[in-house]
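Reader: I'm new to this one. Could you walk me through it, piece by piece?
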Amino acid sequence: VINFSAGPATLPLAVLEQVQAELLDWRGSGMSVMEMSHRDKEFMSIAHEAEQDLREIMNIPAHYKVLFMQGGATAQFSFVPMNLLRGKTSADYVLTGDWGKKAAKEAGRYGKVNIAASSEADRYTYIPDPATWKLDPNAAYVHITPNETIHGVEFHIEPDTGDVPLVADMSSNILSRPIDVTRYGLIYAGAQKNIGPAGLTIVIVREDLIGQAAAGTPGIFDYKQMADNESMLNTPPCFAWYVAGLVFKWIKQQGGLGVIAERNARKAALLYDYLDSQSFYRNPVKKAHRSRMNVPFTLANPELDADFLKGAKAAGLSGLKGHRSVGGMRASLYNAMTLEGVQALVDYMKEFARTRG
Ligand code: PLP
């Protein structure tokens, strides 16, 4: 089956095979990683190596902490304001889709939220020009969602917010291309798209921003306490951490994020070029802001949606139903999706349009 699900998403086959080979006995330890104490040297080596590999592939400077947390990106919607408001009264949010809107709503429980820009009135089909954002120079941080998974809208620039730290929910495009980590104060991502199994959340945070969590913040939600305890204040999601480590190794073996980015660009171009070449299917997003990870599209006649999905399933193409809030279809093309997989989708779409158009 070729899995186009938006998440949890497909993992590289080589990684799944390695997990299978090591499942019952991790490298002669006589134990599965699932059974190991997180304090034992075997698991500590897995954990450290994963962090080192992530630092290497993303080029994360030493003055950034890397945290392996739980609760998904949704928990970060709260942890970010709890930790980063730092006595300030407000934070700026740029809304380019439903996830950013949810993050802003949650932050509103902890402080004042200023919507610096939003494309909601145009159904999140573009990124408002950063020159028009109404930023507050006294804001604690500026929050963006560099890839909006539901709407298929992606930043292809890294906005400059001056001295105000930029916070990014990179759940659905982390590790899809090289980025300059130093442009961000904090990056967070749920693992279940480009990193590994659900249950793990990665946080990359500039050291000087932590240690000022709001009074009442539970220790387990406090970035400083997590950093001081190497993400092992309590039992971490050990197995997910291990699989993430294998994915990081896989990225290194592929040649790093530059190679991954080229591959992702080719995959996305294959599908968008087809979408733009005909009128049976349509993608509503402004071309310059289209996502390489999630490609939503609608059929000219929505009455054919169910047939399209049924035929796709029969052809081994799964997970194509669009998010319930926007309908239509969505093809997610995360790192583990192959060019052949995208070609199979385009072939199916052409055939469906030819016979039903
Ligand atoms: N943010 C983005 C951009 C997402 O795509 C998702 C889930 O798909 C979330 C947040 C929510 O993530 P989680 O389910 O890990 O809480």
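Reader: Which domains is the protein divided into?
Author: There is domain 1, covering 2–8 + 255–356, and domain 2, covering 26–254. Those bounds come from an automatic or database domain assignment. Residues are numbered from 1 along each chain, as its sequence is written. This is a predicted model: local features need pLDDT of at least 70, side-chain atom pairs count only at pLDDT 80 or more, and totals for chains, interfaces and linings use all residues.

Reader: How far apart do the C-alpha centres of domain 1 and domain 2 lie?
Author: They lie 27 Å apart.

Reader: And how many residues are in contact between domain 1 and domain 2?
Author: On the domain 1 side, 29 residues; on the domain 2 side, 27 residues. Contact here is between two residues whose C-beta atoms, placed from the backbone, lie within 7 Å.

Reader: Which elements give two or more residues to the domain 1 side?
Author: Helix H7 (257–276) and strand S12 (294–299). H7 supplies the largest share, six residues. Helices (H or I, at least four residues) and strands (E, at least two) are DSSP runs, numbered from the N terminus.

Reader: How do the residues on that side divide into nonpolar, polar and charged?
Author: 14 are nonpolar, 11 polar and four charged. Ala, Val, Leu, Ile, Met, Phe, Trp, Tyr, Cys and Pro count as nonpolar; Asp, Glu, Lys and Arg as charged; the others, Gly among them, as polar.

Reader: Why does Ala-261 count as partly exposed?
Author: Because Ala-261 has 17 C-beta neighbours inside 10 Å. A residue is buried if 20 or more other C-beta atoms lie within 10 Å of its own, exposed if 12 or fewer, and partly exposed in between, with C-beta atoms placed from the backbone.

Reader: New topic: the ligand. Which residues are around the ligand?
Author: Gly-7, Gly-72, Ala-73, Thr-74, Trp-99, Thr-145, Thr-149, Asp-169, Ser-171, Ser-172 and Gly-190. "Around" goes by the C-beta atom, placed from the backbone, lying within 6 Å of the molecule.

Reader: Which helix gives the most to that shell?
Author: Helix H3 (residues 72–84), with three residues. By type, the shell has two nonpolar, eight polar and one charged.

Reader: I see Gly-190 in that list. Where does Gly-190 sit, and is it buried or exposed?
Author: Gly-190 is in strand S9, and it is buried. On one side of S9 are Leu-186, Tyr-188 and Gly-190; on the other are Ile-187 and Ala-189. Both faces are covered. Five of the five residues of S9 (residues 186–190) are buried, so the strand is largely enclosed by the rest of the structure.

Reader: Now strand S3. Why is S3 largely enclosed?
Author: Five of the six residues of S3 (residues 90–95) are buried, so the rest of the structure largely encloses it. Six bridges link S3 to strand S4 (residues 112–118), in parallel. Asp-92 faces Asn-114 in S4, and Leu-95 faces Ser-118. S3 also pairs with strand S5 (residues 142–144), parallel over two bridges. In S5, Val-142 stands opposite Asp-92.

Reader: What do S3, helix H4 and S4 make?
Author: A right-handed β-α-β unit, with H4 at residues 98–107. Right-handed means that, with the strands pointing away from the viewer, the path from the first strand over the helix to the second runs clockwise.

Reader: Last one. Where does S12 sit in its sheet?
Author: S12 sits in an open sheet of three strands, in the order S11-S12-S14, with antiparallel pairing. The edge strands are S11 (281–282) and S14 (329–332), each pairing on one side only. S11 and S12 share two bridges, and Tyr-281 has Leu-299 in S12 as its bridge partner.

How values were computed
Pairing = 2+ DSSP bridges.
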